[in-house]
Amino acid sequence: MALAHLMHICWSLTAGGTLEKTGLAMILAVILLTSWVSSPVCSQAGQEGPCLKRFSFIGAFVVAGPEGQILCKKNETRKCVPASTLKLLTALAAIRHLGLSYRFRTEFYLGPDHDLKVKGYGDPLLISEVWQEIADALSVRIQGFRDLIVDAGYFSRIIEIPGVGHSTNPYDAPVGALCANFNTVNFYRDQKKKIVTAEPQTPMVPFAREKIRALGLSKGRHTFTHDPLEAARYAGELLFHFLRDRGIEGDGKVRIGAVRPEDRLFYTYRSRFTLEEILKQIMVFSNNFMPNQVLIAMGAQAYGPPGTLDKGVRVVSDYAAKELNAAGIEFVEGSGLSRENRLTAMDMLAVLEKFKPHRHLLRRSGRVLFKTGTLEGIRTRAGYVEGLSEGPCSFAVFLDRDTSDIDRWMECIEESLPCSDPHQAF
């Protein structure tokens, strides 16, 4: 297929349709790239189907071949809101600055007055099962303690993430140096209206129950605080409970405090999850809490504690400018929740080229590995099409409006590309 012919098909698609679902990006990339890189599939492709004229394309789009050569583009230098595809850039900077084998740590101290102190360093995966594992390790090292003191000072107390609100939606969970279960709680009310945990591995500690009652929350998973110190206290309450279950009693209570020079470090928990495993979860589940935890931890490591949003943003922005030659990227937080984040399709292509060795971290559908992004009125997709001997091809799509009927649109694409096999399994 001649490149000019390919460009004609590309123009027909981008001028007349919205590329909203993952399957669409997959179909477009596979059909166009396979047709151009390999031998011709048909000689009559490229006729614009009449149904395409019923749609309009608002946004930007780029497709690149295995060597990075541009095969198809439209509005590729227009700055767009990337939504959650921005996580690819955050992940790249983390791989560069922390390394795939990096493991977060959490430290445990005993004070001269026998207080047990816990100092966090931003581990995003301190889930209930991990706190139980920690309690097991502590139970063979101590016989008891007075107060349990939580130290969240590695991160600044005041961290406002653009795009993160103050609702109880888990998407609005606050970041913090010491956290439990993504700073959320999952519960329901039994027949007697009692607040009960919805997770057998997570006890309903009194602190969480009080917060739920005060907020009047209904069942489900909720963020119950936006104060990182309260979030740290919740983590401490869970640990206190698990220690008591193992016969290790505290004489006092859980409170906020700080590790001091006279305190003795007696145990360091190294996360069971490497950074590679954390990034895999970020990409597959599109969790928004985790990438900003990683971002702020990066900033604290690069510029010293306390970790702040500005320090993390500086790390990623410098990385984009120096290693991706993408100084024009507007990066304000790491998850993609903020509409202040802006980059071009060509910027995303630079990210994808660098991320290519790590594409196994992405969600897979057949031959396509991809990251999705969704905000109100925004649909984005970025990723790779595998299966070509020359290597994977890359695509990035940014849409500035929703599509009302994706099934009709995909049917339209299939009838507009007579050289494609609509029954082929991608």
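In the predicted model, Leu148 stands opposite Val254 of strand S11, a placement that belongs to the pairing of strand S6 (residues 148-151) with S11, in which the two strands run parallel and are joined by 3 bridges. Helix H6 (residues 228-245) packs on the sheet and touches S3, S4, S6 and S11, its direction making about 145° with that of S6.

The sheet itself is open and consists of 5 strands in the order S11-S6-S4-S3-S12, with mixed pairing. Strand S11 (254-256) and strand S12 (264-270) each have a single partner strand and stand at the edges, so that one side of each is left without a neighbour in the sheet. From one strand to the next, the twist averages 25°. Helix H4 (residues 128-139) also lies across strands of this sheet, namely strand S3 (105-110), strand S4 (116-120) and S12, and runs at about 140° to S12.

A further packing arrangement involves two helices. Helix H3 (residues 87-97) packs with helix H10 (residues 345-355) at an angle of about 45°, the axes being 10 Å apart; the two helices are therefore oblique to each other, and H3 passes H10 in a left-handed crossing. The contact is formed by Leu88, Leu89, Ala91 and Leu92 in H3, which meet Met348, Val351, Leu352, Lys354 and Phe355 in H10. Of the residues in this contact of H3 with H10, 8 are nonpolar and 1 is charged, whereas no polar residue takes part.

Note on methods:
Residues are numbered from 1 along each chain as its sequence is written. This is a predicted model: local features need pLDDT of at least 70, side-chain atom pairs count only at pLDDT 80 or more; totals for chains, interfaces and linings use all residues. Side-chain values use heavy atoms; hydrogens and water are left out. Axes are lines fitted to C-alpha atoms, for helices over the stretch in contact, and angles run from 0 to 180 degrees between N-to-C directions. Helices (H or I, at least four residues) and strands (E, at least two) are DSSP runs, numbered from the N terminus. Angles under 35 degrees count as roughly parallel, over 145 as roughly antiparallel, 65 to 115 as roughly perpendicular and the rest as oblique. A crossing is left-handed if the near helix is turned anticlockwise from the far one by less than a right angle, and right-handed if clockwise. Contact means heavy atoms within 4.5 Å. Ala, Val, Leu, Ile, Met, Phe, Trp, Tyr, Cys and Pro count as nonpolar, Asp, Glu, Lys and Arg as charged, and the others, Gly among them, as polar. Two strands pair if DSSP finds at least two bridges between them.
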